[in-house]
Amino acid sequence: MNLRLPRQDPAESTVDASPSQAKSIKRRLLERVADADSTHLTVAADAGDWQVFAPGVEMKLLHRDEQFQSYLLRLAPGSSLPPHRHPADEECVVLTGCLWVGSHTEIGPGGYHRAQQGALHPTVGSRDGATIFLRGAVPRPDQVLR
């Protein structure tokens with residue numbers, strides 16, 4: 001593989017690099033370009049505002065675009081959300097604690113749950129409290145079925 005590299009002597013305009021050298025040069029170059037990219041979003045654990053979503057449930061919005069939102073829900077011990085429908089597919093990962101979905105599904109830390117768009121979601125709650133990450137449309141309190 002031939003790579004053009006700047007040299008002290010203008011007469012030397014090309015240098016043969018081995019495939020491993022070329023791969024190393026490419027990796028370093030890509031790292032510099034990626035490290036200069038300022039479009040990434042990072043939210044520190046202690047940053048952002050928790051808003052009351054429902055009794056015993058707080059929400060912290062992490063990111064919103066035209067279709068979806070990423071957010072955290074923090075459920076106090078004994079809190080729950082009644083049955084509701086989702087306007088879009090929703091994905092959930094339990095970060096801490098234990099989450100109950102309906103009467104049959106218990107999800108612990110690291111567990112994943114997906115609710116399909118339009119499906120009726122059973123009661124979601126936590127006996128001892130939980131923090132969960134969700135991606136989907138945020139269900140508004142007025143969409144909760146009572």
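Colleagues, I begin with β8 and β14, which pair in the antiparallel sense over six bridges; two strands pair if DSSP finds at least two bridges between them, and strands are DSSP runs (E, at least two residues) numbered from the N terminus. This is a predicted model, in which local features need pLDDT of at least 70 and side-chain atom pairs count only at pLDDT 80 or more, while totals for chains, interfaces and linings use all residues. Residues are numbered from 1 along each chain as its sequence is written, and side-chain values use heavy atoms, with hydrogens and water left out.

Strand β8, residues 90-97, also pairs with β11 in the antiparallel sense, over four bridges. Cys92 stands opposite Leu134 in β14, and its bridge partner in β11 is His113. Glu90 stands opposite Ala115 in β11.

These strands belong to an open antiparallel sheet of six, in the order β3-β4-β5-β14-β8-β11. Because β3 (51-54) and β11 (112-115) stand at the edges with a single partner strand each, one side of each has no neighbour in the sheet.

I turn now to the core. The largest nonpolar core has 16 residues, and Val57, Leu73, Leu99 and Ile132 have the most contacts inside it. Such a core is a set of buried (under 20% relative accessible area, 1.4 Å probe, protein chains only) Ala, Val, Leu, Ile, Met, Phe, Trp, Tyr and Cys residues joined through side-chain atoms within 4.5 Å. Strand β5 gives the most to this core, with three residues.

Finally, leaving aside neighbours within four places in sequence, Leu99 is in contact (heavy atoms within 4.5 Å) with residues including Cys92, Val94 and Ile132.

Technical notes
Buried < 20%, exposed > 50% of the residue type's maximum accessible area, 1.4 Å probe, protein only.
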